[in-house]
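Have the coordinates open as you read.

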2 protein chains.
Amino acid sequence: TEIALAPKEASFDRLKLEDLLKRRFFYDQSFAIYGGVTGLYDFGPMGCALKANMLQEWRKHFILEEGMLEVDCTSLTPEPVLKASGHVDRFADWMVKDTKNGECFRADHLIKNSIEKLLNDKKTSAETKKDCEDVLARLEGFDNNDMHQVITRFGFKSPITGNDLTEPIAFNLMFPTQIGPTGDFKAFLRPETAQGIFVNFKRLLEFNQGKLPFAAAQIGLGFRNEISPRQGLIRVREFTMCEIEHFVDPEDKRLPKFAKVANEKLVLFSACNQMDGEPAKELAIGEAVKAKTVANETLGYYMARCQQYLLKVGIDPRRLRFRQHLSNEMAHYAQDCWDAEILTSYGWIECVGNADRACYDLQQHYKATNVKLIAEKKLEKPTEVNVVEAQANMALLGKSFKKDAKKIQGALAALTNEEVEQMEAELKENKLFKLTVDNNDFNITPDLVNIKKYSKTLHVQEITPSVIEPSYGIGRVMYSLLEHSFRQREGDEQRTFLAFPPLVAPIKCSILPISANEKLVPIIEKVKEELASYELSYKLDDSSGSIGRRYARTDEIGIPFGITVDFDSETLPHTVTVRHAESMTQIRLEVSELGRLIGDLCKNRQTWQDAQQKYPKFETANE
Amino acid sequence: TEIALAPKEASFDRLKLEDLLKRRFFYDQSFAIYGGVTGLYDFGPMGCALKANMLQEWRKHFILEEGMLEVDCTSLTPEPVLKASGHVDRFADWMVKDTKNGECFRADHLIKNSIEKLLNDKKTSAETKKDCEDVLARLEGFDNNDMHQVITRFGFKSPITGNDLTEPIAFNLMFPTQIGPTGDFKAFLRPETAQGIFVNFKRLLEFNQGKLPFAAAQIGLGFRNEISPRQGLIRVREFTMCEIEHFVDPEDKRLPKFAKVANEKLVLFSACNQMDGEPAKELAIGEAVKAKTVANETLGYYMARCQQYLLKVGIDPRRLRFRQHLSNEMAHYAQDCWDAEILTSYGWIECVGNADRACYDLQQHYKATNVKLIAEKKLEKPTEVNVVEAQANMALLGKSFKKDAKKIQGALAALTNEEVEQMEAELKENKLFKLTVDNNDFNITPDLVNIKKYSKTLHVQEITPSVIEPSYGIGRVMYSLLEHSFRQREGDEQRTFLAFPPLVAPIKCSILPISANEKLVPIIEKVKEELASYELSYKLDDSSGSIGRRYARTDEIGIPFGITVDFDSETLPHTVTVRHAESMTQIRLEVSELGRLIGDLCKNRQTWQDAQQKYPKFETANE
């Protein structure tokens, strides 16, 4: 089962981690001195640097290495844009209210919690328990009526007051506002960054010289007005997203560079596995695409690149899987969707969505704006097509319809071959054709139009590109990373620390003079200069605590390397010791070699094992 | 006059620049296919990279080099926070409406434009012109009544319809929204990032081990619902800000590192100069602080660092000045404020504010939350103070006042020495004291309190830190940079280009093979690898255009260096030419030296002049 793939981290203590994160200001609830706001978090210096490093690596791994077009669009979004995308009508959760005090609950969460309470209650009958399990299994697919029925049947009440609950009401999760002073320009804060890319499709395609495929990417804020967010960073109302929209020919989703990742092994939890109650399976992505388990090469490529990114920033590979959406979970237009899910103390958390959204979004914006969002595809061989056209006789049309003439001309030009042929037939039979434009009927007589039939040679075909969309919730990845990096020293469980990969560690090294003796000061200055010249961040801890206590304090905030300046450092050429926090092993080297070594370690150009082989081991009794 | 300090860029053509920026997708109006929204802009790949590079340099120049504490707070801000900061009541512009169609205008802009129209009208009498000039000079300090009076006196109408205008109405510039499903949790999008730092002051001070001074910084979005934004990137509704809050002892705003910048010369346009009609003057910042023209060293330090940053990213030093706020421009609590203003085709634009905001913000949030936002300052010598305390007799108090006892105890403890002494006197005279708590009166009798008088030794003093706030509008700096970087080739004015400093250029080099010959492909691959290993961005242009046309195309988007692979490149060791776009001069060097050279040029470790001395010149007739 999938449990077998997941590790046992029995000793993980979330309260201890949360205490550390709050105490050392990785993040905290926003506006805490005002009582705090649920679902909003502020990042302190440590969290902010960790997040910035994760984003920088994301930019390098995707935007730079893949040559993507990065854009930066506004959060404020006019209503018509989100009407077209479907968010105004469908981006909602079902909510029930306490009938007496009006308190709101997300209906599915309330049912889940109430059901779990029943299941844990010894007094619940075996029959009810079976019923409960059946509800849990189907809950994801429930609509408002299903949920209302369950709440009524089980008699669920408000978990806080015990009062009755209303029927489920749809609550749109977008934050509403308005633009400008008149109050009639409705807008929302964007619930995702993707729409900003779609509405700029034409310009991006131009920028790419009209060629498909290409990918655009955006790093920015998303906003969702969650009904009653819990679970810390996992469910928040304002968050940083990284989204990619890869535009591709819908009939050819192969990708040459897929070959580079085809042997990469992923843990796949396919829809079939889920339906059949089978566990997730490890499989090379090349095999999965060949077997059509994953829909196409482009989607498979991004899943493999997603895994590479997550492992690089420090996600535990044993706690990562890709779960395919069941058909009832997917939007009607989506062709395939695989979530990268990470196992945390909250269970498996969806952190990245990798979806083939077909051409839905571009088509919706085209319908709403009448701006063609298409690409031209060169035909393999030129094709002969028959054209049937209705050309307006503008002189007569102007006389008959005055200012409407232009509109009628446009409507005639937009008719399909079939429509023109139908018109031709009617004109022949009745000498009259009723043309409807913007809900107005116009009487077209034979003298007003010339019907032309000819054939022409097409060299290109107009296509609406399909979109493959990887979408990253950086806060969720970051929280998972914090759990996966959290360690306790063996034999001293009070001594907790964070073992970040040096690549993303908020601060790369600490500088710890063994004593406050003046003689060490010039050496400390040399160390600082050496690190600064390699743009490596450091934290000098020259407080009076014992070296062991100072190590513990820097380990706690995930500083991977500790540089100790001792009295042996005075000898020329100056040397210092470098301690690897995770393993607590130390080596000794010259100050002039520090920058290159730590720089290499932080860019994954060298491992600590490499460094240990190159430099002499330093033994100490300090810890 | 200041005109003498400003350059003559007579040939600057804003339409040509705007055409380039739109055509090559630096940025464009947001939601253009939906008709666009004024005051909202999307950045395309070029603008996005330029902005990202400017922000990265800002982070390096300020946060890393100065060891600032970076935070990342939410845009969504509850109403009470912005009530305390004064934004709910005062963050507004005066607006007049067309009485017939309701169209809105910012009152001061309408007056300014209408007055300027009158001044440019030959038919306007000399007397009226004098009146007009007087209004213009005083406009900045006008309140709603002043503006209404001017509009009425001159008979100003809507510039669009000619209809009458309403009296000026205050329009709050914050975007309103609400958090959660109930609709009664009012919130706004933050108008500045600063408040997020102030509300986290306690945690940040703790993070800094309780020590002053320290600086916190934030890079993030700000939102202002401008009434009718014009002027492109200069006045927008959603924008990226970089803000620093430097917390300092209000009685000692000296800064040791000020010495490092004291000789830096700045163009200062002091309040006195402005009042006396004198021009701005160039002065070393050390002199300016000594003469008290600039209020203190900390403020002066940030002004000098501001200039360094602006010049590094490419602002023309001849078009930069620091203008001091006049006393009627400054908030009542501010002690001094100097805007970095940059000259553009829109005139002098405020791009950075450098303000000494005293302790206003921390005090306001303290008042609103009752959470002490203070630091402890070690006293030079311990001080003896007399304490007069009213201690509650809790047993009796509980009996008399039940649930109110706790509240009364707290109120008694909060009394000042003087208040306790007054109570003591009243208790002695009347055996009764009326204590008011939360608008309720309580009768305190002598048996309920013990009055204690003693002296104690204080080692620390509680102080509310002052705040020095540099605040950068990155979009405005970026727009100014685009104007200052815009060039036309001498003798060919159609050939325009952008001469960015390599440090911020969106793409660092182009790779231009002289021919499509297969033989050059492996050399191109070597060049790409060499650049990638130094993390240098590049754009390969292997299209069939002439080399001159391809140079022009890459110059246009500000790529500073062009690498040409020609048939001489084949000879071992492979060599290529590097062309400096701004000067169009070329040198020739080995492929294996490329990464280091261009890396150094982009990090300002070498200049093009240095490179020209080191490598042989390459002459070509191609341009």
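## A charged patch at the surface

Let's start with Lys614(B), which sits in helix 22 (residues 608–614) of chain B. Keep in mind that this is a predicted model. With a relative accessible area of 56%, Lys614(B) is exposed, since anything over 50% gets that label.

## Chain A in outline

Chain A has 623 residues, and 53% of them count as buried. Its secondary structure comes to 23 helices and 29 strands, and the C-alpha trace spans about 105 × 65 × 55 Å along its principal axes.

Which residues of helix 17 (residues 405–413) of chain A are buried? They are Ala405(A), Ile408(A), Ala411(A) and Leu412(A). Looking down the axis of helix 17 of chain A, you'd find these buried residues within an arc of 125°, so they line one face of the helix. The general rule behind such spacing is that an α-helix has 3.6 residues a turn, so residues three or four places apart point the same way. On the other side of helix 17 of chain A, Lys406(A) and Ala413(A) are exposed.

## Salt bridges between and within chains

Over all chains, the structure holds 95 salt bridges. One of them pairs the side chains of Asp72(B) and Lys51(A), at 2.4 Å from N to O. Asp72(B) lies in the loop between strand 3 (69–71) and strand 4 (76–78) of chain B, while Lys51(A) is in helix 3 (residues 45–64) of chain A, so this pair joins two chains. Buried or exposed, then, for Asp72(B)? Asp72(B) counts as buried at 17% relative accessibility, and Lys51(A) is buried too, with a relative accessible area of 9%.

Within chain A, the side chains of Glu424(A) and Lys453(A) meet in a salt bridge (3.2 Å, N to O). That pair links distant parts of the chain, 29 residues apart: Glu424(A) is in helix 18 (residues 417–430) and Lys453(A) in strand 20 (residues 449–463). Glu424(A) is partly exposed at 29% relative accessible area, whereas Lys453(A) is exposed at 52%.

## A chain B pair and a chain A network

In chain B, Glu582(B) forms a salt bridge with Arg487(B), with the closest N and O atoms 3.8 Å apart. Here the partners are 95 residues apart: Glu582(B) is in the loop between strand 27 (575–580) and strand 28 (585–590), and Arg487(B) is in strand 22 (residues 486–489). Glu582(B) is partly exposed at 40% relative accessibility, and Arg487(B) is partly exposed with a relative accessible area of 29%. Back in chain A, salt bridges that share partners join Lys60(A), Glu65(A), Glu66(A), Lys257(A) and Arg305(A) into one network.

Definitions and conventions. Residues are numbered from 1 along each chain as its sequence is written. Chains are lettered from A and ligands numbered from 1 in the order in which they are written. This is a predicted model: local features need pLDDT of at least 70, side-chain atom pairs count only at pLDDT 80 or more; totals for chains, interfaces and linings use all residues. Side-chain values use heavy atoms; hydrogens and water are left out. Helices (H or I, at least four residues) and strands (E, at least two) are DSSP runs, numbered from the N terminus. Buried means under 20% relative accessible area, exposed over 50%, partly exposed in between (1.4 Å probe, protein chains only). The arc is that of the directions from the helix axis to the C-beta atoms. A salt bridge is a side-chain nitrogen of Lys or Arg within 4 Å of a carboxyl oxygen of Asp or Glu.
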